[in-house]
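Student: Please take me through this entry feature by feature. I would like the criterion with each term.

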Amino acid sequence: MSPGAGERRLHPVTPLRRAWAPVAVGAGWAFHDPDGAYRRVSELAAETILLVGAAVVLIASLYGFLSWWFTHFSVTDTELRIRTGLIFRRTAHIRLDRLQAVDLNQPLLARFLGVAKLKMDVIGADRKDELAYLSEPDARALRAELLARAAGFAPEHARTVGEAPAAVLLHVPPQMLAMSLVLSGGMWAWGIVGITVPVLLWFLTQSIPLVIGTALPLLGAAGASSVGRFVKEYDWTVGASPDGLRLDHGLLDKAHETVPPGRVQTVHIVEPLMWRRRGWVRIELDVAGSSNDVLVPVAPREVAAEVIEQILPGVVVPAALSRPPASARWCVPLWWRGYGLAVSETVFAARHGLLRRKLSLVPHAKVQSVRLIQGPWMRRRGVADVHVETGANTSVAARLRPSAEAAELLESQAERSRTGRRTAVPDRWMAGEQRA
């Protein structure tokens, strides 16, 4: 099936990616029943094994080629269309005015082959549609064209706009990233559990399969929280551009992501215990309809505040927070000291955590609803919780506030949210750019 007018195909190496599907089916069968698979293979003659292997390679190659042959995409004045399907046809219509981010990713093998894939974040979509693979220059050009059209540039000029320039705001040195992982409690917790639990199981059962089956996932989790994060967050760079904040990172797999303007619902400033003496913090995000959840893996507090200013213009990180009253100690012993609250003209800020502090910043314009929760014991102690809900289906709570303050906060926050939504700047790509 040849492409229609204006339609394009993916890069010719794409069949190599699609060809793994039949092989994966056979590998899944062998993994599900390894003894049966071994017996059946051992009963076959060498010539039969070679013929079966050749047939699998042929079928996999044919499947990959046909999947590539029947996949086309095109960019119209209003949408990106992706047609896929060998037997059952599927056409994805991605409206450009609903497009909020286009991420460019290059797995390790793709970097050697000079190709990349694009992932599209669309408002209201549960998962990302993707184009895999395009040559790297074509991927970057298509990404720039999609962002230009999403910004409102005329179709005849969108291809000539090019990628908007970016100014580097922050670069995380590898030494700082490695030290931050060493000082993180998660890696040590998983490591201790991964060693002690298998040892205890050995003394209790002396079953080698049980010990190995338990140790491998636990040690894998420890590796994912340390080595895995280092590989993923290596060379982390944050840049400011008219189409949002750009995130470039990755040691093996390179990722080029965009945090769309105006779509950030909540910013979390995370401060593990062993980072505090160094003044380091981690910035996490809640973005409506997007999977981007890390803005900065580690940075000095002052630098992080400057980056937050870029993602939430006009928002100042509160320097001091009010703690719950002393009566709250009977509701949450010891841990009540980790809670705090600050409300400014632009943001609702709530903190929780004693060892691993997390300060959550919610712009008033992003608050969808406000709730007051007070159980019998909390009512007896004269405290209540105030929750604010955001468009990213997340909730931030001001815990253990005095009852009178909580009631007043419920009313005032609802009014701040209404005022914030009326005065908020519309969420637009390249808001400062001249549209054709």
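Student: Is P272 buried or exposed?

Tutor: Buried means under 20% relative accessible area, exposed over 50%, and partly exposed in between, with a 1.4 Å probe and protein chains only. P272 has a relative accessibility of 12% and so counts as buried. This is a predicted model, in which local features need pLDDT of at least 70 and side-chain atom pairs count only at pLDDT 80 or more, while totals for chains, interfaces and linings use all residues. Residues are numbered from 1 along each chain as its sequence is written, and side-chain values use heavy atoms, with hydrogens and water left out.

Student: Where does P272 lie, and which residues does P272 touch?

Tutor: Helices (H or I, at least four residues) and strands (E, at least two) are DSSP runs, numbered from the N terminus. P272 sits in the loop between strand 11 (264-271) and strand 12. Contact means heavy atoms within 4.5 Å. Not counting residues up to four places away in sequence, P272 touches L355 and R356.

Student: What links E284 and R356?

Tutor: A salt bridge joins their side chains, at 4.0 Å from N to O. The pair links distant parts of the chain, 72 residues apart: E284 is in strand 12, and R356 in the loop between strand 15 (347-352) and strand 16 (357-363). E284 counts as buried at 15% relative accessibility, whereas R356, at 45%, is partly exposed.

Student: Which residues does helix 13 contribute as a pair?

Tutor: An α-helix has 3.6 residues a turn, so residues three or four places apart point the same way. E415 and R418 both lie in helix 13 (residues 403-423), three residues apart, about one turn of the helix. Their side chains form a salt bridge of 2.9 Å, N to O. E415 is partly exposed at 37% relative accessibility, and R418 is partly exposed at 40%. Elsewhere, salt bridges that share partners join R229, E233, R282, E284, R356 and K358 into one network.

Student: Which residues of helix 11 are buried?

Tutor: In helix 11 (residues 301-311), the buried residues are A304, V307, I308 and I311. Viewed down the axis of helix 11, they fall within an arc of 105° (taken from the directions from the helix axis to the C-beta atoms), so they line one face of the helix. On the other side of helix 11, E302 and E306 are exposed.

Student: What is the volume of the second largest pocket?

Tutor: Rolling a probe the size of a water molecule over the atoms shows where empty space is left. On a 1 Å grid over the protein atoms alone, a pocket is an open set of points where a 1.4 Å probe fits, with protein on both sides within 12 Å along at least five of seven lines; lining residues have an atom within 4 Å of a point. Grid points are joined across faces, edges and corners, and a volume is the space filled by probe spheres set on the points. The second largest pocket has a volume of about 480 Å³. Of its 23 lining residues, N105, K232, H249, A255 and E257 are the closest to the centre.
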